[in-house]
Amino acid sequence: MLLLISRVKTSTISMLTDDETTNATSLNLDTLDSNNVDVFRQLLNQETIIRMTMVKNVHALMKDMLTLQEKLTAAENRISKIHTSTDHEISKLKEEVKLLKTENEFLKNNSAQVRADIDHLNENLTDLSNTLTDVKIEVRYLSITLFDINTNVRETAEILQHHNNSMENINSDIAHNDRKQSAALLELGKQHVRFIDDIRNTTRTLKADIDQFQTDQWRLSASVSSLELFRNNQTKCDPNQEVAFTASVTSLSSTWNSGTLIFDVVITNTGNGYNPSTGVFTSPMSGTYVFYVSAVEYGAQHLYIDIVLNSVSKVRAIGHSSASYQTGTNMVVLELQKGDSVWVRYASGKGYYSSSVPLTTFSGYLIS
């Protein structure tokens, strides 16, 4: 082996760069004794071991950097989920995110410094001299650099521990905020349900009022038309044949629920066709008559009443129970024979309302 080595120029293969480095001094091993050759081989072996150790340390450091990057990515994902919290909590979390970003920049700067150190090491390794003195100097330089890397690794481990502690605090805050937000959302849901129920009740009441208003408007228009027709016919009718009445109740009842509704207070009774004792109108002559009833239900108890001709219901007025004191009205035009009877009869519900100025009334008149 020594004879073969003595005939070959000195050359080394770098295990880190895979490049061939030729001795610039072109030393002839023929001039070296066996002791010097052994020393040179030991130095080359030490250089190879140091390079392999450096590669392992660099790979371990890169792995730690990837792990750190994954943890930072996970932290950023967790922080992005926090943005769905309330504005106050978001502002607090943004401050914590800023701190995390500052730490992230610090870690990135350290990583960049480590990479710069590694690049510097690679440049120095490629420039190693083949002389023993240069090898010794490079070995000392590599030892110092390894010590710096170990120091950086320890600092990185401390930073990771601090980061893990911060993540535990963030997770605790997130759990606390989740509980608070869940309670707040539950309360908001209950308030929303109550609000929707109130809106629905108000909508039903308004709808009933609008329907009642439209019905009353239609009936008022019909009444005006009937009165106009009655006025026109009055110019043609015999004054002795006028028939008209209006009767009312001036006291309320919360229990009335059967029979005839007797309007015992007479306001008008031309022709004496209405009997306030029985609540029945008896036609004094044949002709066309208009009858109108208006009744106010009592305290959200619905009230259905009919205008009846000879015991046969003709039309019905409804006071709905969607709200208190709803008014039911209706009007009918009937062809009567002399002696026919018309009255107001109970259909459903309970009670009616009135006051000293009548609210519940029954009217009729002859139009032809």
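I shall discuss the salt bridges of this model, and then one threonine. Please bear in mind that the model is predicted.

How many salt bridges does the structure hold? There are 3.

I begin with Glu-47 and Arg-51, whose closest N and O atoms are 2.3 Å apart. Both residues belong to helix 2, which covers residues 34-82. They are separated by 4 residues, about one turn of the helix. Glu-47 and Arg-51 are both buried.

Next, Glu-187 pairs with Arg-194 in a salt bridge, at 3.8 Å from N to O. Glu-187 counts as partly exposed, at 36% relative accessibility. Arg-194 is likewise classed as partly exposed, its value being 44%.

I turn now to Asp-306 and Arg-316, where the closest N and O atoms of the salt bridge are 2.6 Å apart. Asp-306 lies in strand 8 (residues 303-309) and Arg-316 in strand 9 (residues 312-319), so this pair ties together parts that are 10 residues apart in sequence. Arg-316, at 43%, counts as partly exposed.

Finally, I come to Thr-361, a residue of strand 12, which spans residues 360-366. Thr-361 is buried, with a relative accessible area of 16%. Beyond its neighbours within four places in sequence, Thr-361 is in contact with Ala-247, Ser-248, Phe-263, Tyr-292, Val-293 and Ser-294.

Thank you for your attention.

Note on methods: Residues are numbered from 1 along each chain as its sequence is written. This is a predicted model: local features need pLDDT of at least 70, side-chain atom pairs count only at pLDDT 80 or more; totals for chains, interfaces and linings use all residues. Side-chain values use heavy atoms; hydrogens and water are left out. Helices (H or I, at least four residues) and strands (E, at least two) are DSSP runs, numbered from the N terminus. Buried means under 20% relative accessible area, exposed over 50%, partly exposed in between (1.4 Å probe, protein chains only). Contact means heavy atoms within 4.5 Å. A salt bridge is a side-chain nitrogen of Lys or Arg within 4 Å of a carboxyl oxygen of Asp or Glu.
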